[in-house]
Amino acid sequence: MLERLNEAMQHVEEHLDGQIDAAELARIAVTSEYHFRRLFSALAGMPLSEYVRRRRLTVAGAEVLAGERTLLDVAVRYGYGSGEAFARAFRAVHGVGPREARRTGAALRSQQRLSFRLVVEGSSSMRYRIVEREEFRVVGKRARVPLVHEGLNPAIVEFVRGIDQETIQQITALSDQEPAGVLQVSDKVDYSRAEGTELDYYHGVVTYTDPPEDLDALAVPAGTWAVFQDSGPFPQSLQHLWRDVFTQWFPSNPYESRPGPEMLRVVPSQDWDRADAELWIPVTRTVPA
């Protein structure tokens with residue numbers, strides 16, 4: 001898997017002055033575009049589009065300083081339709097405009113080329129199981145919230161606090177399937193998983209019951225799920241679990257993520273200092289190349 005990812009990175013380098021299609025990169029990596037974008041974001045710590053932008057402007061910066069092409073020629077070469085658009089993007093990355101950089105020989109920032117390699121460390125293992133599920137519903141209350149990678153998500157905290165106890169009891173009573181109890185469900189997560197991008201958050205339960213009119217419902221098609229178990233400090237351990245699933249488990253197992261809601265069941269300690277968790281990720285088994 002990592003070898004194929006590196007082949008995709010080589011394709012990026014060869015096409016920085018042309019069209020870079022995520023679907024083609026996914027084909028090279030022998031995976032779906034959905035999974036490729038999410039895996040790249042987890043491994044690189046940034047969305048694919050941001051990496052491509054930084055690499056283009058890194059190479060463009062070298063050409064700006066070399067002075068062999070006009071600034072407009074450099075702009076067009078790297079996909080910018082005008083000198084103004086190129087100058088804005090250039091300044092956002094390098095902290096200085098291209099004209100000033102050429103005139104003064106300013107120091108520019110560089111996005112190094114990425115390559116991926118497997119690092120074996122420790123002897124810990126991830127607890128998981130594969131589950132086949134029939135179609136079901138997630139029923140509860142929904143909000144559109146920003147994605148937060150570290151610490152508690154203030155938007156989710158505020159949203160959950162605003163749900164009255166009577167409604168919580170109504171939702172809880174509908175739970176009739178695994179995972180049991182009230183869940184944290186994320187749906188319509190952006191491909192990039194970039195900080196601040198938005199997602200649909202459901203505070204709800206898994207059920208076969210028809211939802212009441214005053215609650216929100218999400219129909220979930222039948223499919224395969226990878227279920228991970230974790231215990232540790234809250235919320236850091238859970239957020240590290242999301243990261244480890246994509247950076248360690250997927251590259252080592254014959255599965256890839258697929259579109260669908262991600263469900264998290266959390267059982268906190270009395271002081272919320274620690275928690276036991278069960279994370280459900282929708283997956284599909286990959287076909288050997």
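1. Strand 8 (residues 262–268) and strand 3 (residues 183–187) run antiparallel and are joined by 3 bridges; strands are DSSP runs of E, at least two residues long, and helices are runs of H or I, at least four residues long, numbered from the N terminus. Two strands count as paired if DSSP finds at least two bridges between them. Within this pairing, Q184 stands opposite L264 of strand 8. The model is predicted: local features require pLDDT of at least 70 and side-chain atom pairs count only at pLDDT 80 or more, whereas totals for chains, interfaces and linings use all residues. Residues are numbered from 1 along each chain as its sequence is written, and side-chain values use heavy atoms, with hydrogens and water left out.

2. Strand 3 also pairs with strand 4 (residues 198–207), in the antiparallel sense, over 5 bridges. Here L183 has G204 of strand 4 as its bridge partner. Strand 3 is mostly covered, with 4 of its 5 residues buried (buried: under 20% relative accessible area; exposed: over 50%; partly exposed: in between; 1.4 Å probe, protein chains only).

3. Strand 6 (223–233) is likewise mostly covered, 8 of its 11 residues being buried. Strand 6 is joined to strand 9 by 10 bridges, and the two run antiparallel; W225 stands opposite P282 of strand 9. Strand 6 pairs with strand 1 over 7 bridges, again in the antiparallel sense, and R129 has V227 of strand 6 as its bridge partner.

4. Helix 10 (residues 236–252) has 17 residues and should span 24 Å at 1.5 Å a residue, which agrees with the 23 Å between its end C-alpha atoms; the expected span is 1.5 Å times one less than the number of residues.

5. The buried residues of helix 10 include L238, L241, W242, D244, V245 and W249. Those buried residues pack against helix 3 (33–44), strand 1 (127–133), strand 6, strand 7 (255–257), strand 8 and strand 9 (274–285), where contact means heavy atoms within 4.5 Å.

6. Helix 4 (residues 48–66) packs against helix 6 (residues 83–94) at an angle of about 100°, with the axes 10 Å apart. Helix 4 is therefore roughly perpendicular to helix 6 (65 to 115 degrees; under 35 is roughly parallel, over 145 roughly antiparallel, the rest oblique). Among the contacting residues are R53, L57 and G61 of helix 4 and F86, F90 and V93 of helix 6. Axes are lines fitted to C-alpha atoms, for helices over the stretch in contact, and angles run from 0 to 180 degrees between N-to-C directions.
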